[in-house]
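Have a look at the model first, then read on.

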Amino acid sequence: MRVVVAGSSGLIGSALLPVLRHAGHEVLRLVRRPAAARDERSWDPPAGRIQDGTLDGVDAVLNLCGAGIGDKRWSQARKQTLLDSRVEPTEVLAAAVAEHKIPVLVNASAVGYYGDTGDREVDESGPKGQGFLADLVHEWESATRPAADAGARVVLLRTGLVFAESGGLLGKLKPLVQFMLGGKLGDGSQYWPWISLDDELAAIRFVLEHEDISGPVNLCAPEQLTNAELTRTLGEAMGRPTPWTVPGFALRAVLGEFADEGVLIGQRATPRALLTHGFRFQHETLATALPEVLGQRA
């Protein structure tokens, strides 16, 4: 396939490009500056402009754009940035997919769509939750509508917490556990849907290549862990105790509104769509994923 990728410089995008190329796909990267490499094409989402000829003969568009949800404390300006950085590029790409009659749009999304599910298990048929993140994801996904209305196969990647060797969630948790400061956040009962980076990349390739998959797809491992269980598993893998509890008020003091929406609640999500279509996880449990993620390969 000839695939155009937007948002290729992030954790997932930078790791995905060699995976797609190794599988035999041709990959073109959209960059927000003058194109400087053979595989680059320039675009300007606020202006709605994509370099002429970029979408000629393209089989699929993959959109991974979006500012980091937990990278900065939320202010009204930051929340607007989180929304604009997702919805604006998606609107531009969905319109381009429709105009050029491109068969496939695979668009990033998040399990935050479900809000706080508590102990209730949710698959892709689950309803939209409450809160800023759920509303953000709903607008993000809705921006793909022009592509779907034009007949394109649209896949929405509702990704959980990605465990990678560097960056992502592990980049924040690992130093705390290393210095024996790890512990549950709040009461620790909130479910944290997680996925290894290897499985994230394999799942994206899987949905690109399987024409019978469309709509929302939960990208999370089959194993459902609470925050307390996840922290304990990480501590055991690193040979460190994780006895502490960080109370909710302390998290709110440091993280502000993000604490209540991104840390102290969670989604008991299951990857039903992937499993139904025959996807096989390399890491079904966090205990099997961590040796590789932590660089402890034999």
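**Helix packing in a predicted model**

Lys79, Leu82, Leu83, Arg86, Val87 and Thr90 of helix α2 meet Phe132, Leu136, Glu139 and Trp140 of helix α3, where contact means heavy atoms within 4.5 Å. This is a predicted model, in which local features need pLDDT of at least 70, side-chain atom pairs count only at pLDDT 80 or more, and totals for chains, interfaces and linings use all residues. Residues are numbered from 1 along each chain as its sequence is written, and side-chain values use heavy atoms, leaving out hydrogens and water.

**α2 with α3**
- The contact of α2 with α3 has six nonpolar residues, one polar and three charged (Ala, Val, Leu, Ile, Met, Phe, Trp, Tyr, Cys and Pro count as nonpolar; Asp, Glu, Lys and Arg as charged; the others, Gly among them, as polar).
- α2 spans residues 76-100 and α3 residues 132-142, and they pack at about 20° with axes 9 Å apart (axes are lines fitted to C-alpha atoms over the stretch in contact, and angles run from 0 to 180 degrees between N-to-C directions).
- The two helices, α2 and α3, are therefore roughly parallel (angles under 35 degrees; over 145 is roughly antiparallel, 65 to 115 roughly perpendicular and the rest oblique).

**α1 with α6**
- Helix α1 (residues 11-22) and helix α6 (residues 197-209) cross at roughly 60°, their axes coming within 10 Å.
- That makes α1 oblique to α6.
- Ile12, Ala15, Leu16, Val19 and Leu20 of α1 meet Leu197, Glu200, Leu201, Ile204, Arg205 and Leu208 of α6.
- Nine nonpolar, no polar and two charged residues make up the contact of α1 with α6.

Technical notes:
Helices (H or I, at least four residues) and strands (E, at least two) are DSSP runs, numbered from the N terminus.
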